[in-house]
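Could you walk me through this protein model in plain words? I would like a short briefing with the main points grouped by topic.

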Amino acid sequence: MTEIAIAPEALKDTLATALGALAQHVSVALGEVTVTVAPAQYHEVMKTLRDAAGCRFEQLIDLCGVDYSTYGDGRWEGPRFAVVSHLLSVSLNQRVRLRVFCADDDFPVVQSVNDLWSSANWFEREAFDLYGIMFEGHADLRRILTDYGFIGHPFRKDFPLSGHVEMRYDAERQRVVYEPVSIEPREVTPRVIREDHYGGLH
């Protein structure tokens with residue numbers, strides 16, 4: 001029988017004790033515990049969270065990249081890229097979010113945790129594909145969602161919404177061809193028309 005979930009504040013204290021100086025910050029917000037670590041300690045912290053007696057996070061249920069370049073309407077002053085993971089302990093019925101910021105904005109890289117959880121394989125490939133975050137030690141780090149030969153990383157905030165190229169099937173050549181985007185960028189401002197008594201309102 002699964003135990004009752006531990007209270008977030010108690011879990012915060014447990015994790016702070018288990019990680020010690022390895023954690024930069026352990027916080028609780030909206031009933032969820034978040035641990036922030038430096039990239040140099042990332043792999044060691046993840047291993048501790050998996051193996052320590054009060055943690056026992058057996059499952060990595062999600063891992064994704066984040067681009068903070070436009071966070072807070074551009075007022076963000078920290079590192080641009082982060083990797084955010086969600087861990088689940090089935091045996092202790094508890095969850096934790098872990099965030100690690102990449103040290104270099106121009107070449108974001110953190111260590112792979114695929115050796116700790118095999119589920120990290122495709123998650124890390126996705127973060128590499130969409131954000132350009134490198135995972136050191138990943139045995140097969142290649143694109144997973146974008147097309148062959150795709151240039152750029154589409155979830156980065158500076159990637160154009162229309163992309164760089166468009167594709168179509170060419171009947172003469174009997175193959176798919178790639179061409180520069182022909183869509184002209186434009187700003188769409190919605191026009192709001194207010195009607196009297198709209199929706200039965202007076």
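Met-46 has its place in helix α2, where helices (H or I, at least four residues) and strands (E, at least two) are DSSP runs numbered from the N terminus. Met-46 is buried, with a relative accessible area of 0%; buried means under 20% relative accessible area, exposed over 50%, and partly exposed in between, using a 1.4 Å probe and protein chains only. The model is a predicted one, in which local features need pLDDT of at least 70 and side-chain atom pairs count only at pLDDT 80 or more, while totals for chains, interfaces and linings use all residues. Residues are numbered from 1 along each chain as its sequence is written, and side-chain values use heavy atoms, with hydrogens and water left out.

- Leaving aside residues up to four places away in sequence, Met-46 touches Leu-60, Ser-85, Leu-87, Leu-98, Val-113, Leu-116 and Trp-117; contact means heavy atoms within 4.5 Å.
- From C-alpha to C-alpha, Met-46 and Phe-57 are 9.0 Å apart in space, and they are 11 residues apart in sequence.
- Helix α2 covers residues 42–51, and its buried residues are Tyr-42, His-43, Val-45, Met-46, Thr-48 and Leu-49.
- An α-helix has 3.6 residues a turn, so residues three or four places apart point the same way.
- What covers the buried residues of α2? The cover includes α1 (8–19), β2, β3, β4, β5 and β6 (109–111).

**The sheet**

- An open sheet is formed by 5 strands in the order β1-β2-β5-β4-β3, with mixed pairing; two strands pair if DSSP finds at least two bridges between them.
- The edges of the sheet are β1 (23–29) and β3, each with a single partner strand, so one side of each is left without a neighbour in the sheet.
- On average, neighbouring strands of this sheet are turned by 20 degrees against each other, direction ignored; axes are lines fitted to C-alpha atoms, for helices over the stretch in contact, and angles run from 0 to 180 degrees between N-to-C directions.
- Strands β1 and β2 run antiparallel and are joined by 6 bridges, and Val-26 stands opposite Val-35 in β2.
- Strand β2 (residues 32–37) runs parallel to β5, with 4 bridges joining them; Thr-36 stands opposite Arg-99 in β5.
- Over 8 bridges, β4 and β5 pair in the antiparallel sense, and Leu-88 stands opposite Arg-95 in β5.
- The strands β4 and β5 form a hairpin with 4 residues between them, and Asn-93 in the turn has a positive phi of about 55 degrees.

**Ser-89 in strand β4**

- Ser-89 lies in strand β4 and is buried, with a relative accessible area of 0%.
- The side chains of Ser-89 and Ser-91 are joined by a polar contact of 3.5 Å; a polar contact is a pair of N or O atoms within 3.5 Å, and within protein one must be able to donate a hydrogen and the other to accept it, while residues adjacent in sequence count only if both atoms are side-chain atoms.
- Not counting residues up to four places away in sequence, Ser-89 touches Cys-55, Arg-56, Phe-57, Glu-58 and Gln-94.

**Aromatic rings**

- The count comes to 7 aromatic pairs; rings of Phe, Tyr and Trp (its six-membered ring) pair if their centres lie within 6.5 Å, and planes under 30 degrees apart count as stacked, over 60 as edge-to-face and the rest as tilted.
- Tyr-68 and Phe-101 form a tilted pair, 5.4 Å centre to centre with 50 degrees between the planes.
- Tyr-68 lies in the loop between β3 (59–67) and β4 (81–89) and Phe-101 in strand β5 (residues 94–101), so the pair ties together parts that are 33 residues apart in sequence.
- Tyr-68 is buried at 9% relative accessible area, and Phe-101 counts as buried at 13%.
- The ring centres of Tyr-71 and Trp-76 are 5.5 Å apart and their planes are at 90 degrees, so this pair is edge-to-face.
- Trp-76 counts as partly exposed, at 29% relative accessibility.
- Ring pairs link Tyr-68, Tyr-71, Trp-76 and Phe-101 into a cluster.

**Cysteines**

- How many disulfides are there? The count comes to 0 disulfides, a disulfide being a pair of cysteine sulfur atoms within 2.5 Å.
- Cys-64 is in no disulfide, and the nearest cysteine sulfur, that of Cys-102, is 12 Å away.
- Cys-64 counts as partly exposed at 26% relative accessibility, whereas Cys-55 counts as buried at 0%.
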